[in-house]
Every structure is written in C-alpha cells, then in structure tokens.
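Subject: Handing over the structure

Hi,

Here is the structure I promised to pass on. Please open it next to this message and follow along.

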Amino acid sequence: MRVLGIETSCDETAAAVLEDGRRILSSVVFSQTIHADFGGVVPEYASREHTGAIVPVVDSALREASISYDGVDAIAVTNRPGLVGCLLVGVSFAKALAYSLGVPIVGVDHIEGHIFAVRLADPAVTLPAVCLVVSGGHTEIIAIEEWGRYETLGRTRDDAAGEAFDKVGKLLGLSYPAGPEIEKLAVGGDAWSYDFPRAMMERGNLDMSFSGLKTAVRYKVEDLGGVPSGKALADFLASFQEAIVDALVTKTLWAAEERAVPTVCLGGGVAANGALRQRLTEEAEARGFGVVVPPKSLCTDNGAVIAAVGQSLIDAGRVDDLTLSVSASREAARAGRHVS
Ligand code: KG4
Ligand code: ZN
C-alpha cells in the first residue's frame with residue numbers, strides 16, 4: 001500500500017510517498033524563504049506560499065516515487081496543530097485529491113509525525129520509550145507506551161526550544177530560521193565561556209522554560225556593548241546552545257530513569273542539532289539506554305513521517321472522511337472542537 005503524506009502546518013510544504021508503512025519512495029520538502037527577514041513565520045505569507053507550492057511539491061513526490069496519481073492508495077495530511085491558514089491549504093488539497101481519486105483520507109497530528117520519525121528510523125525499536133520532541137512550536141518529553149499511545153511527561157512553560165534559537169537569532173541579526181545558523185556559528189566555540197541560565201532544574205520537575213535564557217542573552221549583548229564577532233561570537237553561541245542542550249538532555253534522562261524505559265529517542269526540527277544529537281546519545285548510552293536518533297531529514301518537517309502515522313491509523317481502521325477539519329492546537333482537536 002502506498003500512502004501520500006502531505007505536510008503544510010508551518011513553513012515547509014512537504015509531500016512523500018511511503019510504501020507499506022516503511023519504505024520511503026520519495027520525500028520532497030520546499031522550505032519557504034520568504035520569512036527570512038522577519039525573525040519568525042508570517043502566517044499570511046506562509047499560507048500563500050503553500051498555495052503556490054502544494055501542486056508542484058506533490059507532483060515532484062509522485063515523479064520521484066515513479067508512480068502516477070493512480071498509484072496512490074491513501075492520503076495522510078497534517079490537520080493539527082499548526083497555523084490554521086497553512087493547515088487549510090494541505091487539508092483542502094488532500095480532500096480534493098482523495099475525492100477525485102476515490103481513496104481514503106486520514107488527518108494526522110504533526111507532533112505524532114515527529115514521534116514516528118523514530119519508527120521509520122528503527123521499526124524494531126524497543127518500547128516503551130521516552131521521546132524528546134523539540135520543534136519551533138513544541139518542546140515536550142513524551143512517553144511512547146506503544147505506537148498511538150502517548151503520555152506527555154513534561155513540556156516547556158513558555159518558549160519552545162526552536163523558538164529560543166529563532167528569537168536569539170533575531171536579536172543577533174540572523175535570518176529565520178536561526179537554529180541551523182547558530183549551530184554553524186557555534187562550531188569551535190567554548191561552550192563554558194558564558195554562564196547562561198538553566199531554568200527549573202530541580203530533580204523531578206520535567207517541565208522546561210527558555211524565556212529567561214532569551215532575556216539573559218539580551219542583557220549579555222547589552223553588557224558587551226553589542227553582538228560579539230569572530231571567536232567571541234562562537235563562544236557566545238556555543239554557550240547559549242549548551243544551555244538549551246543541557247536542560248533538554250538532563251530532563252529527558254530524568255524522565256527515562258523515572259519511567260525505567262529501555263529506550264530514549266528524539267524528534268522534531270531541533271533534533272537536527274548536532275550538539276543535541278551527540279550529547280543525548282552519549283549520556284543515554286552511558287546510562288545503559290538504547291538510543292534512536294533519526295536522520296536529520298526525518299527530524300525537520302517532512303511528509304514521510306506524516307504518511308507513516310497515516311498508515312498506522314489506516315491499519316487501525318481510523319480513517320477520516322471529507323468533513324475532516326483543522327485545528328490550531330492539539331487540545332482542541334482532542335476535545336473534538338474544530339477551528340476553521
Ligand atoms: O519541526 P520543525 O521543522 O518545524 C516545526 O514544527 O516548528 O522545527 C523547526 C525549528 C526551528 O525553530 C529551527 O530553528 C529549528 O527547528 N532547527 C534547529 C536546527 N535545525 C532546525 N535548531 C537548532 N539547530 C539546528 N540544526
Ligand atoms: Zn515540526
């Protein structure tokens with residue numbers, strides 16, 4: 001069975017073809033660049049970009065998979081959480097296509113998509129697991145009891161980790177998204193040269209906070225009389241990155257120890273960060289956990305993970321129909337309330 005996965009919840013227009021829930025036949029991602037100078041995603045621009053990109057992106061995904069539209073057996077589409085205008089582009093397109101092809105449609109939770117990167121990376125992963133999901137909009141420590149059954153153990157009380165990278169990048173004059181650029185600029189920097197705060201570090205507390213860190217960065221820049229440059233900038237950013245990675249890894253391992261799970265894993269756009277991947281892997285392995293860190297291309301937004309969740313929902317008989325709507329939040333979707 002071939003599932004076409006479609007993702008338009010934020011600033012990536014993405015489509016992929018997944019065969020039998022495992023084999024990625026194609027994955028095409030169009031990352032919008034229109035937001036570069038704004039320090040964050042401008043929702044109205046994002047929906048317009050999706051409208052222009054959706055047909056070429058899906059066409060390319062089918063071409064790369066060497067199939068025609070008739071070769072699509074089902075369509076999975078992100079319908080929550082995300083920017084409503086963006087979600088509507090993907091969902092409306094998916095509905096029209098499902099109707100014209102006469103195939104089932106299934107709405108997918110974007111966060112579950114990030115979790116499924118782990119399953120695509122290692123279908124035989126031992127559950128239960130503790131999964132750190134870190135993206136531009138979410139930072140959660142989630143227990144995967146089994147595929148489809150999750151419990152959130154901790155979350156950020158304010159900014160998401162990716163948001164902290166992006167907001168600090170904006171402050172330093174970097175373009176959006178700033179996470180990858182900060183990682184590059186931090187290479188060779190001394191992560192212990194600046195003492196940035198780690199919030200809520202009492203043992204047992206699995207919630208996180210990154211807004212204080214952002215403020216500390218702003219005050220430090222003022223103290224220094226401006227944004228540092230050269231090696232000093234590398235030191236500065238390596239220290240900032242370390243503060244985020246430290247809090248994320250420490251709390252994820254606390255959660256894994258409390259739950260006594262065999263496996264620790266990682267997902268979401270910030271999981272593309274090399275320092276986070278390395279530190280989580282090293283510390284989890286040192287404590288005897290199995291570790292799954294999916295390839296970067298499966299961590300940042302993509303259609304393959306959406307198709308993978310879609311396949312599992314189809315297997316469970318949980319398909320939707322053409323009344324499928326969208327929801328800005330996960331909570332609203334759970335309560336059956338739709339925002340449109
Ligand atoms: O999951 P994602 O692609 O989209 C959302 O669901 O939000 O995550 C995007 C976020 C952005 O905040 C971006 O700055 C961050 O992930 N990000 C990174 C890196 N690559 C992407 N943050 C730190 N280091 C990276 N290499
Ligand atoms: Zn995402």
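This is a predicted model: local features need pLDDT of at least 70, side-chain atom pairs count only at pLDDT 80 or more; totals for chains, interfaces and linings use all residues.

Residues are numbered from 1 along each chain as its sequence is written, chains are lettered from A and ligands numbered from 1 in the order in which they are written, and side-chain values use heavy atoms, with hydrogens and water left out.

Cis peptide bonds

Look at Arg80 and Pro81. A cis peptide bond links them, with omega at about -25 degrees. Pro81 sits in the loop between β4 (74-80) and α2 (84-101).

Now go to Leu127 and Pro128. Their peptide bond is cis too, and omega is about 0 degrees. Pro128 belongs to the loop between α3 (110-121) and β6 (129-134).

Positive phi

Met200 is not a glycine, yet its phi is positive, about 50 degrees. Find Met200 in the loop that runs between α5 (179-185) and α6 (211-224).

Ala260 is not a glycine either, and its phi is also about 50 degrees. Its loop lies between α7 (230-259) and β9 (263-267).

Buried or exposed?

Buried means under 20% relative accessible area, exposed over 50%, and partly exposed in between (1.4 Å probe, protein chains only). Met200 has 18%, so it is buried. Ala260 has 63% relative accessibility, so it counts as exposed.

Best wishes

Definitions and conventions. Helices (H or I, at least four residues) and strands (E, at least two) are DSSP runs, numbered from the N terminus.
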